[in-house]
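The entries follow the order in which I looked.

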Amino acid sequence: MVRNSDLASLGVIWAEVLAGMGAKVHQTDLEARFRLAAEDTLQDRIFHLHTGKVKLTRSTSMGRDHLLEVLGPTDTIGLNALTDLSAGGGQGVSHPGQRTSTVAQHPEKSGTEGLDSTHRSAGQTPARMWFSSATTLEPVRLDWVLVTDARDYLEKHQALHLEVLRALNRQTELLYQRTMALRDVDVPGRIAAALLELMERFGQPLEAETTSQSQLTGESAASDQMSGQSPSAVAGLNGENPRESGLPTTGVRLPHGLSQLELGQMAGASRETANKVLADFIARGWIIQKRRSIIIVNQERLRYRAS
């Protein structure tokens, strides 16, 4: 997949911008399934993720949500607002009384101060509206700044501004490459590609995970032998034993937090089709599916299927 190393530079550059903006930067923690941006509302903030995952979705003409992408640590949301110069000085917004919040859910929750809705005066035009909605898939920590503050800072640091625009251009090119690569691939190929992309971004090597779990189990067993408890009983209390549960000792776990419907949306398929494709991958021994997570056992076959 075309991502990661090239796009990481954008996160590094934006982190440098945030470091220079000082008190203009706000940090907050959000709960899972919190919608921090809603499509077709004013895009007046830029978000930078530290932890957790966020999904970007766009409603179709039929009223269904289509999952565009899953973002994670170092990713930014809303940088494209910097390229719109239609609203000089950021004096942008809407009609009297129109809500212009980037947060569409639970603005009263603790940890979200400054993200609440506001009303703007008449006679102003919005700089840009959100193209997609952004919703947290798990608890998230992020920084956010106002677009107007970011523009003011970058106007005084032209070299850094140019680096941000260059990184945005690279991001656009890579996204076009990804689209072209998948244009002639069938649905199973697109689902295989989506799994590989999630693996590259969020995958956790199962071997390391199993090793640490075995160490913990061994320590527990040693202590419980002194107390007269059976090690096997302790293992059953502490959770699954990979060997006894039939899980592989090697592979990559994807704790993606997506439903089968959302996985299907990533590939432009229905939930039913995604379910059939995943069942086929399981039958072939390429993946193992657990609740809200998938273990990739055979990366090579998935890469071949995605090509």
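**Entries on salt bridges and a sheet**

I looked up D75 to begin with: at 10% relative accessibility, D75 counts as buried. Here buried means under 20% relative accessible area, exposed means over 50%, and partly exposed lies in between, with a 1.4 Å probe and protein chains only.

I noted the ground rules. This is a predicted model, in which local features need pLDDT of at least 70 and side-chain atom pairs count only at pLDDT 80 or more, while totals for chains, interfaces and linings use all residues. Residues are numbered from 1 along each chain as its sequence is written, and side-chain values use heavy atoms, with hydrogens and water left out.

Which side chain does D75 meet in a salt bridge? I found R201, at 2.9 Å from N to O. A salt bridge is a side-chain nitrogen of Lys or Arg within 4 Å of a carboxyl oxygen of Asp or Glu. R201 lies in helix α4 (residues 187-202) and D75 in the loop between β5 (65-71) and β6, so the pair ties together parts that are 126 residues apart in sequence. Helices (H or I, at least four residues) and strands (E, at least two) are DSSP runs, numbered from the N terminus. R201 is also buried, with a relative accessible area of 18%.

I then searched the whole structure and got 14 salt bridges. One of them joins E262 to K55, with the closest N and O atoms 2.4 Å apart. E262 sits in helix α8 (residues 260-266) and K55 in strand β4 (residues 54-59), 207 residues apart. Both residues, E262 and K55, are buried. I also noted that R33, K55 and E262 are linked in a network of salt bridges.

Another entry concerns R271 and E272, whose side chains meet in a salt bridge at 3.4 Å, N to O. R271 is partly exposed at 40% relative accessible area, and E272 is partly exposed at 45%.

Next I turned to the sheet. It is open, with 4 strands in the order β1-β8-β3-β6 and antiparallel pairing. β1 (26-30) and β6 (76-77) stand at the edges with a single partner strand each, so one side of each has no neighbour in the sheet. Two strands pair if DSSP finds at least two bridges between them. β1 and β8 (residues 140-146) pair over 5 bridges, and D29 stands opposite R141 in β8.

Last, I checked helix α2 (residues 147-155), which lies across β3 (45-51) and β8 and runs at about 65° to β8. Axes are lines fitted to C-alpha atoms, for helices over the stretch in contact (heavy atoms within 4.5 Å). Angles run from 0 to 180 degrees between N-to-C directions.
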